[in-house]
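Here are my notebook entries from a first look around this structure.

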Amino acid sequence: MTRTDFSDEILMRFADGELDAEISAEIEREMETDDALVARLALFIETRHAAKIAMQPLLEEPLPAELTAAVERVIAAKTSAQNESGASVLPFARRAANDRRASRWLAPVAASLAAVIAGFGGYWLGRGGQPTAEGVLPPTALSSPALEEALETVVSGEERQLSGPNQRFRAIATFRDNDQALCREFEVDSPDRSTVVSVACRAGAEWRVTFAVVARGDSGGYAPASSTETLDAYLTAINAGAPLEAEEEAKVLGGLREQK
Amino acid sequence: MSNAVKDVGERLTAFLPNLRRFAISLCGARDVADDLVQAACERALASAERFEPGTRFDAWMFRILRNLWIDQVRRQKTAGVQDDISERHDLAGASGEREAEARLTLKTVAEAIGDLPDEQREVLLLVCVEELSYREAADVLDIPIGTVMSRLARARKALGEAAGITTTTARSRVMKGVNE
């Protein structure tokens, strides 16, 4: 049988060794007589090769001593921490003071953490506020219809002013947890300049806040690094999937709204 | 249990150059990449028990690092941080090709990779450079394997055109169904 209609995808899979033996053999036979096929295939073989060559110098570059040292410290700290107590949150090695970016999200676990509420029990939104961790987080802070609406409409990467309590809502990401429940990571700024970094997951027809860190401070509506480190540890614990892409997120959020 | 931490720690040390390369190609700047690598190491060690022996360690690490990066980008975006991370100068500078004299209108391969849309570049890096299978790349990126293939094909066409890898332009016109 003669086929000249191999798609680009088929040819690419051939070039990447991702094609089954039968079709591979067919392509090989065809290549003996079809120059155009060879040329199309060459693109995929050569781009793979060229990409690898072009990225090789990055691999050979010496690692910055600072990075190696920092990672070694983290490893040493984690190894000893586990031997002693199984502690799970570690301070980050402080980077050079002149690194302006580092201060935003890699600062040491800091005093700016006013409260941490991280429980797999969590508490429920929209029930008039009966948080399991009494008094730590003002119940009104998260249980408002405005917040629920924001969770279902604001796409990740966008902000919205919540009506009522003068809070600013920022959607960070949408993902699925270990049990495939839909979760959203978000931040809420309050007028007192505190920021709540939070995760809410869908449970039935409700949003359940499963994680919240209140970060006080001077960050001007920007969760300080220490709170996001705690968040990272939490996301790891629930085995959070990668953030949904915009298209998928829009679909999922649209589906939630339709249920209403 | 502490064996898992020890194991991950040892693998991490050996894997740092690759992890850093991937980070640089994601964020395009070395200082940002180094922070990202550090954060990814931290997270990996904190969840060392979740790594399943027998599965690919590199894929696991790439996934952790990339998820951290996406979060960071969104935070910065919402915070209105103006950053120069869109310029991927570090990527092209790495190969030294930029300084090569006989540069006509074609870009170097490294430059062309740096210019790819993010979602194409990451697939290209994982499959062609880090040699993950389509399935493994799909798992790292949490996308269907079909999406991996379509993005990868687009990335390679763009790369071929930008860097002049296309073998014969006359023939490429004969190809059908390639331009979406």
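**Entry 1: a helix in chain B.** I began by looking up how enclosed helix α6(B) is, and 10 of its 12 residues are buried, so the rest of the structure largely encloses it. By "buried" I mean under 20% relative accessible area, with exposed over 50% and partly exposed in between (1.4 Å probe, protein chains only). The buried residues are Q120(B), R121(B), E122(B), V123(B), L124(B), L125(B), L126(B), V127(B), C128(B) and V129(B). Helices here are DSSP runs of H or I with at least four residues, strands are runs of E with at least two, and both are numbered from the N terminus.

I also noted how the model is handled. It is a predicted model, in which local features need pLDDT of at least 70 and side-chain atom pairs count only at pLDDT 80 or more, while totals for chains, interfaces and linings use all residues. Residues are numbered from 1 along each chain as its sequence is written, chains are lettered from A and ligands numbered from 1 in the order in which they are written, and side-chain values use heavy atoms, with hydrogens and water left out.

Entry 2: I checked the span of α6(B), residues 118-129: at 1.5 Å a residue it should span 16 Å, and its end C-alpha atoms are 15 Å apart, which agrees. The expected span is 1.5 Å times one less than the number of residues.

**Entry 3: two positive phi values.** Most residues other than glycine have a negative phi. Just after α6(B), though, E131(B) has a positive phi of about 60 degrees. I found E131(B) in the loop between α6 and α7 (134-141) of chain B, partly exposed at 42% relative accessible area. In chain A, Q180(A) has a positive phi near 70 degrees. Q180(A) sits in the loop between β3 (167-176) and β4 (182-189) and counts as exposed at 52% relative accessibility.

Entry 4: What does R43(B) touch beyond its neighbours within four places in sequence? I listed D232(A), L235(A) and T236(A) from chain A, along with I64(B), N67(B) and L68(B). Contact means heavy atoms within 4.5 Å. R43(B) belongs to helix α2 (residues 30-46) of chain B and is buried, with a relative accessible area of 11%.

**Entry 5: chain B as a whole.** I counted 9 helices and 0 strands in chain B. Buried residues make up 57% of its 180 residues. Of the contacts in chain B between residues at least 6 apart in sequence, 64% join residues at least 24 apart.

I then looked up pLDDT, the predictor's confidence in each residue, from 0 to 100. Chain B has a mean of 81, and 74% of its residues reach 70 or more. The pLDDT is below 50 over residues 82-87 of chain B, a stretch with 9 contacts in the model beyond near neighbours in sequence. It also stays under 50 over residues 94-103 of chain B, where the model has 20 contacts beyond four places in sequence.

**Entry 6: a helix pair in chain A.** Last, I looked at helix α2 (residues 21-31) and helix α3 (residues 35-60) of chain A, whose axes come within 8 Å and cross at roughly 125 degrees. The two helices are therefore oblique to each other. I27(A), E30(A) and M31(A) of α2(A) make the contact with L37(A), V38(A) and L41(A) of α3(A).

For the angle, axes are lines fitted to C-alpha atoms, for helices over the stretch in contact, and angles run from 0 to 180 degrees between N-to-C directions. Under 35 degrees counts as roughly parallel, over 145 as roughly antiparallel, 65 to 115 as roughly perpendicular and the rest as oblique.
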